[in-house]
Amino acid sequence: MLAAMRSEPPFDPAAGGRLVVDRSALVANWRRLAARAAPGTAAAVVKADAYGTGIAAAVPALAAAGCDTFFAAVPAEGIAVRAAAPAATIYVLGGFAAGCGALYRAHRLRPVLGCRTEIADWLAEVGEAGEPPALHVDTGMSRLGLPVEEAAALAGDRAVMDRLAPALVMSHLACADRPEHPMNAAQTDAFAAVRRSFPGVPGSLANSAGLMLLPETVHDLARPGIALYGGAFSGRAPTLATVATLEARIVQLRTVAAGVPVGYGATFVTRRPSRIAVLGVGYADGYPRRAGAMGVEAAVDGRRVPIAGTVSMDLVAVDVTDLPDGAARRGGRVELFGPTVAVDEVAARCGTIGYELLTQVGARIQRVYV
Ligand SMILES: *Cc1c(COP(=O)(O)O)cnc(C)c1O
């Protein structure tokens, strides 16, 4: 209903679908997360083009609200963040690849270093001439980061530590979306021990779920991603404001008799005389191909309608028979996820998570900012 009350530009007839990004909701979510991080602060994780919402628009809105630290996944994203936030602190989570030193210097990017080879490469190429790095310690996820024992050895290596002068020591939680999982206590304790090896260096452990569900993981700098964009980080956690709404344009409306197949494979057959709306978004835009078979719904003006049949590459059909006359019209828009049908609901039905659906919204989908 709120979506209908927002002032939104009319649907561009040249596009089959659009992602409407509510920047005030994004900023409100960041403020709420930053308040939870106090007396520490909250950064913004903006990898994967700000979870599909667009770095170029999301980052300036967050920076204007007071967010001064951003995390990207790769240097190319870090450069996009730098263009959007000239004064920000920008970390690149994916480590440091030899040969990238000039990029890090030119765009004032901070690497998140996770092994001794990366540390040596960083010191050889950039070192004191660049921004101070973060150190990533693996407290149990076995993804990125120095093993705990190697981190302790590094901490005792004064020659390297003096040159490295890290600005942050961080680790990442594997199971924070399930607060009762024993991994959380193990990682929390391991990280506390790691921090004692690096006195005076600020610490960062919590992601969205850690920040919202496990206060002992917050430390100096929380790193929320999905919660900023209104996605669920746990079935039980309070939901933040919806930021991204995927809308499709109604390309064709048709009336079909009972017993008529709709779409590839004839997997959906009408059981009654039906009204079918064909929408200009398909699996090439990141919408799950099996949505119809999984019982996913869409919405027209806040009213739910079922997906009808297999999603095509560029099109998807919805059954609008039960809508009042005139509610679905050619050129009108249908919500595929947003305030009525949460992205996490669509994701759960399709066996995935909201993160995946948000970050897969394709380049063909227009981004519209309100
Ligand atoms: C993606 C990521 C985050 C953000 O996680 P959310 O679950 O989206 O809050 C934080 N830290 C690291 C290292 C990440 O890779």
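Predicted model: local features only at pLDDT ≥ 70, side-chain atom pairs only at ≥ 80, totals over all residues.

Residues are numbered from 1 along each chain as its sequence is written, and side-chain values use heavy atoms, with hydrogens and water left out.

**The largest pocket**

Select Tyr51, His172, Asn207, Ile226 and Tyr355, which lie nearest the centre of the largest pocket among its 38 lining residues. Pockets are found on a 1 Å grid over the protein atoms alone: a pocket is an open set of points where a 1.4 Å probe fits, with protein on both sides within 12 Å along at least five of seven lines, and lining residues have an atom within 4 Å of a point. The volume of this pocket is about 750 Å³, a volume being the space filled by probe spheres set on the points, which are joined across faces, edges and corners.

Next, display α3 (47-51), α11 (208-213), α12 (343-349) and α13 (354-359), each of which supplies at least two residues of the lining. Helices (H or I, at least four residues) and strands (E, at least two) are DSSP runs, numbered from the N terminus. The largest share of the lining, three residues, is from α12. Colouring the lining by residue class gives 22 nonpolar, eleven polar and five charged residues. Here Ala, Val, Leu, Ile, Met, Phe, Trp, Tyr, Cys and Pro count as nonpolar, Asp, Glu, Lys and Arg as charged, and the others, Gly among them, as polar.

Remain on α12 and select Val343, which is found in this helix. Val343 counts as buried at 9% relative accessibility; buried means under 20% relative accessible area, exposed over 50%, and partly exposed in between (1.4 Å probe, protein chains only). Leaving out residues up to four places away in sequence, Val343 touches Phe337, Gly354, Leu357 and Leu358, where contact means heavy atoms within 4.5 Å.

Centre the view on Val46. Beyond residues up to four places away in sequence, Val46 touches Ile55, Val59, Leu62, Phe70, Phe71, Val81 and Tyr229.

**Helices α4 and α5**

Select α4 (55-64), in which Ile55, Ala57, Ala58, Val59, Ala61 and Leu62 are buried. These buried residues pack against α2, β3 (44-45), α3, β4, α5 and β20 (366-369). After α4 comes Gly66, with a positive phi near 115°.

Move to α5 (residues 75-84), where the buried residues are Pro75, Glu77, Gly78, Val81, Arg82 and Ala84. Their cover includes α3, α4, β4 (69-72), β5 (89-92), α6 (101-106) and β6 (109-113).

**Backbone features**

Most residues other than glycine have a negative phi, and most peptide bonds are trans. Select Ala38 and Pro39: the peptide bond joining them is cis, with omega near 5°. Pro39 lies in the loop between α2 and β2 (41-42).

Then select Ala48 in helix α3. Its phi is positive, near 50°, and Ala48 is partly exposed, with a relative accessible area of 33%. Asp301, in the loop between β16 (297-300) and β17 (303-306), also has a positive phi, of about 50°. Asp301 is exposed, at a relative accessible area of 55%.

**Cysteines**

A search of the whole structure finds zero disulfides, a disulfide being a pair of cysteine sulfur atoms within 2.5 Å. Select Cys115 and Cys100: the sulfur of Cys100 is the nearest cysteine sulfur to Cys115, at 14 Å. Cys115 is partly exposed, with a relative accessible area of 31%.
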